Amino acid sequence: MASAPSRVGGALERAPSEEDVVPRRKLFGTDGVRGVAGEQLSADLTLALGRAATEAARERGVEKPRVLVVRDTRESGEMLEAALAAGVAAAGGEVLLGGVLPTPAAPLLVRRYELDLAAVLSASHNPYRDNGIKFFGADGFKLSDATELEIERRLEPSSSRPATAAIGRIRPLQGTQEDYLRALHDRFAALDLSGLRVALDCAHGATHRVAPEIFRRLGADVTVLGDAPDGRNINDGCGSTHIDLIARTVVEHGHDVGFAFDGDGDRVLAVDRAGGVVDGDELVALAALHLRRAGRLAGDGVAVTVMTNYGFHAAMEEAGIAVATTKVGDRYVLEELRARGWMLGGEQSGHIIDLGFAPSGDGIASALLTLEALEGADLARRNAMRKLPQRLVNVRVGDRDAAMADEELLAATAREHDALAGRGRVLVRPSGTESLVRVMVEAPTAEEADAACERLVALVERLSPAA
């Protein structure tokens with residue numbers, strides 16, 4: 001059982017995660033294995049990962065693991081699907097090919113069919129050349145860090161292989177799209193969207209069929225962008241990473257609301273009728289207040305990341321809703337929710353997790369939850385939180401670790417933080433993948449945020465000049 005949360009600086013401190021005690025992995029990042037298809041993510045590596053994941057399941061007592069495989073619309077998806085399926089079958093597993101589906105459909109279907117494992121082939125919001133693999137267990141949750149490390153170890157030349165009793169089978173699984181749509185409809189059956197003019201940007205990705213269909217089934221008048229994938233146009237100038245497209249469409253054609261998904265459909269951003277962008281912070285705030293009113297917010301708490309706007313924390317404090325803060329990454333938000341027995345969390349980028357529906361972020365479900373939370377009101381008149389002006393600068397440095405440990409920077413950060421206490425906040429943190437220090441300031445005015453941020457950026461640049 002998770003220990004009782006404690007407040008630190010107006011938010012709840014993060015409970016220790018498994019990553020704190022498990023050795024660093026080489027292949028798996030915070031969202032699976034990802035890289036350029038055919039290069040870092042080759043067919044050989046994909047086959048090996050399929051074999052290793054299946055062997056790991058067999059070692060845990062599953063004699064003939066049944067593995068669901070779904071993918072997004074990238075041209076490399078079919079190649080990697082074939083390689084992954086071959087690896088699973090070579091290790092004695094049974095492969096069920098679910099076709100093109102959003103990532104969140106995988107954990108739902110794993111539970112529905114009582115399967116042992118699911119693999120999603122996608123690189124989310126990345127360009128088409130990239131692809132990735134993420135695994136979900138029989139419980140619908142992403143594999144733990146320890147299990148991913150075990151899979152990596154099985155790729156080492158010295159790793160022993162369990163005997164395979166028989167070669168597995170590979171077959172298509174029919175009806176997966178309809179099963180996912182049925183789950184969405186069952187959850188939001190009471191939501192009547194009749195007369196609502198909705199624009200959807202599906203990023204030429206995995207939501208291009210199912211998102212328009214569920215909105216139409218619920219009565220909406222739907223205009224769709226990004227619904228003609230050709231294998232290379234996924235996320236290309238469209239979707240949640242290019243929100244201007246849906247914003248222009250909503251304003252120019254008089255829609256009531258717009259939603260933009262990413263390539264694999266696990267995140268969403270919204271646009272109101274005036275073209276105003278509504279990010280994940282505001283969407284989570286809307287959902288939290290709605291679920292709290294309905295008596296469906298487990299634990300009266302939400303989990304968000306360190307990037308979440310200070311205005312969100314202020315709004316939740318006023319509403320009596322506890323907030324737990326995690327590192328950046330939806331897997332850490334999910335870990336926190338499970339540890340505390342809560343159900344709602346998310347990221348500014350639009351990853352929103354509602355464990356009342358699915359054990360992963362689901363962009364389509366989050367869009368529908370937003371409309372449910374509005375209770376017929378106009379998104380342009382939302383008042384769930386007051387977002388503070390934010391300034392974020394990525395500073396390239398010579399040595400990020402040395403910069404972060406510098407006493408002068410620590411003291412300057414503390415001074416700026418104290419100056420904004422109760423009115424805003426300061427966050428200085430290293431990038432996890434690049435030689436960058438990220439400086440973020442939120443303040444009551446843009447001018448105050450800019451000034452504080454510029455002072456810290458200048459100090460970082462002086463302390464550790466880029467090579």
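User: Okay, starting with helices: does α6 pass α11 in a left-handed or a right-handed crossing?
Analyst: α6 passes α11 in a right-handed crossing. A crossing is right-handed if the near helix is turned clockwise from the far one by less than a right angle, and left-handed if anticlockwise. Before we go on: this is a predicted model, where local features need pLDDT of at least 70 and side-chain atom pairs count only at pLDDT 80 or more, while totals for chains, interfaces and linings use all residues. Residues are numbered from 1 along each chain as its sequence is written, and side-chain values use heavy atoms, with hydrogens and water left out.

User: Fine. At what angle do the axes of α6 and α11 cross?
Analyst: Roughly 30°, with the axes coming within 10 Å. Helix α6 covers residues 210-217 and helix α11 covers residues 363-374. The two are therefore roughly parallel to each other. Angles under 35 degrees count as roughly parallel, over 145 as roughly antiparallel, 65 to 115 as roughly perpendicular and the rest as oblique. The axes are lines fitted to C-alpha atoms, for helices over the stretch in contact, and angles run from 0 to 180 degrees between N-to-C directions. Helices (H or I, at least four residues) and strands (E, at least two) are DSSP runs, numbered from the N terminus.

User: Which residues of α6 and α11 meet?
Analyst: From α6 you have Val210, Ala211, Ile214 and Phe215, and from α11 Ile364, Ala367, Leu368 and Leu371. Contact here means heavy atoms within 4.5 Å. By class, that contact has 8 nonpolar, no polar and no charged residues. Nonpolar covers Ala, Val, Leu, Ile, Met, Phe, Trp, Tyr, Cys and Pro, charged covers Asp, Glu, Lys and Arg, and the others, Gly among them, are polar.

User: And how are α13 and α14 placed, roughly parallel or roughly antiparallel?
Analyst: Their axes cross at roughly 175° and come within 10 Å, and the two helices are therefore roughly antiparallel. On the α13 side the contact uses Glu408, Leu409, Ala412, Thr413 and Glu416, while α14 brings residues including Arg455, Leu456 and Arg462. This contact of α13 with α14 holds 7 nonpolar, 1 polar and 4 charged residues.

User: Switching to rings. How many aromatic pairs are there?
Analyst: A search of the whole structure turns up 2. One of them is Phe28 with Phe135, a tilted pair at 6.5 Å centre to centre and 50° between the planes. Rings of Phe, Tyr and Trp (its six-membered ring) pair if their centres lie within 6.5 Å; planes under 30 degrees apart count as stacked, over 60 as edge-to-face and the rest as tilted.

User: Where do Phe28 and Phe135 lie?
Analyst: Phe28 is in the loop between β2 (11-12) and β3 (33-36) and Phe135 is in strand β7, so the pair ties together parts 107 residues apart in sequence. Phe28 is buried at 4% relative accessible area, and Phe135 is buried at 3%. Buried means under 20% relative accessible area, exposed over 50%, and partly exposed in between (1.4 Å probe, protein chains only).

User: How far apart are the ring centres of Phe215 and Phe259?
Analyst: 6.0 Å, with the planes at 40°, so that pair is tilted. Phe215 lies in helix α6 and Phe259 in strand β11 (residues 257-261), so parts 44 residues apart in sequence are tied together. Both Phe215 and Phe259 are buried.

User: Last one: is Asp362 buried or exposed?
Analyst: Buried, with a relative accessible area of 2%. Asp362 lies in the loop between β17 (352-354) and α11. Not counting residues up to four places away in sequence, Asp362 touches Pro104, Tyr180, Leu184, Gly265, Asp266, Ile352 and Phe357.
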